[in-house]
Amino acid sequence: EKLLSQLRNGVDFEALSIENGESLTVTPPFKRNSSVRGLSAATIEHAFVTPLNGFAISKQKNETGRIIFQIRDIDVPRIIGDQKIEKTTSQWLKTSIRQDNFSTYIKNRQKEFNMIVNKEKLRKNLALNPAR
């Protein structure tokens, strides 16, 4: 948590890695159901709820330690074909990503401030669809 706090406060990722005797590795782009050398399935799943430029911590694939990562790029693929379907799907994907990130943000604030957010009132105030 201390390292994450430092990163979120602007400490350089590479400098912090060197200072702690760790290596910094950039993964190739991957999809939600991908297998990436050195990353656990939990880390890959965690990456998809971490906001762009955000930092997070997850278990390493070998379960003996943790990995700190930063999301540096998000690519929502275009759907080739019917423009209406393409636009609708693209909007849905972008909204889903934002809602995943927003949900994570709310969870973190609840934890940070030791509070509970009334989800129904929040959804109503933000004009989001009610939970199903």
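This is a predicted model: local features need pLDDT of at least 70, side-chain atom pairs count only at pLDDT 80 or more; totals for chains, interfaces and linings use all residues.

Me: Are the rings of Phe 13 and Phe 55 stacked or edge-to-face?

Reply: The centres of these two rings, Phe 13 and Phe 55, are 5.3 Å apart, and their planes stand at 85 degrees. Planes over 60 degrees apart count as edge-to-face, whereas those under 30 count as stacked. Because the angle between Phe 13 and Phe 55 is 85 degrees, the pair is edge-to-face.

Me: Which parts of the chain does the pair of Phe 13 and Phe 55 link?

Reply: The two residues are 42 residues apart, so this pair links distant parts of the chain. Phe 13 belongs to helix 2 (residues 13-19), while Phe 55 belongs to strand 1 (residues 55-59). The parts linked are therefore helix 2 and strand 1.

Me: Is Phe 13 buried or exposed?

Reply: A residue counts as buried when its relative accessible area is under 20%. Phe 13 has 12% relative accessibility, and Phe 55, its partner in the pair, also counts as buried at 12%. Phe 13 is therefore buried.

Me: What kind of pair do Phe 30 and Phe 48 form?

Reply: The ring centres of Phe 30 and Phe 48 are 6.1 Å apart, with the planes at 75 degrees. Phe 30 lies in the loop between helix 2 and helix 3 (41-47), and Phe 48 lies in the loop between helix 3 and strand 1, 18 residues apart. With its planes at 75 degrees, the pair of Phe 30 and Phe 48 is edge-to-face.

Me: Which residues is Lys 31 in contact with, leaving aside its neighbours within four places in sequence?

Reply: Lys 31 is placed in the loop between helix 2 and helix 3, and with a relative accessible area of 65% Lys 31 is exposed. Contact here requires heavy atoms within 4.5 Å. Leaving aside neighbours within four places in sequence, the residues in contact with Lys 31 are Ile 44 and Phe 48.

Me: Is Ser 17 buried or exposed?

Reply: Ser 17 is found in helix 2, and, leaving aside neighbours within four places in sequence, Ser 17 is in contact with Glu 22 and Leu 24. Its relative accessibility is 9%, so Ser 17 counts as buried.

Conventions:
Residues are numbered from 1 along each chain as its sequence is written. Side-chain values use heavy atoms; hydrogens and water are left out. Rings of Phe, Tyr and Trp (its six-membered ring) pair if their centres lie within 6.5 Å; planes under 30 degrees apart count as stacked, over 60 as edge-to-face and the rest as tilted. Helices (H or I, at least four residues) and strands (E, at least two) are DSSP runs, numbered from the N terminus. Buried means under 20% relative accessible area, exposed over 50%, partly exposed in between (1.4 Å probe, protein chains only).
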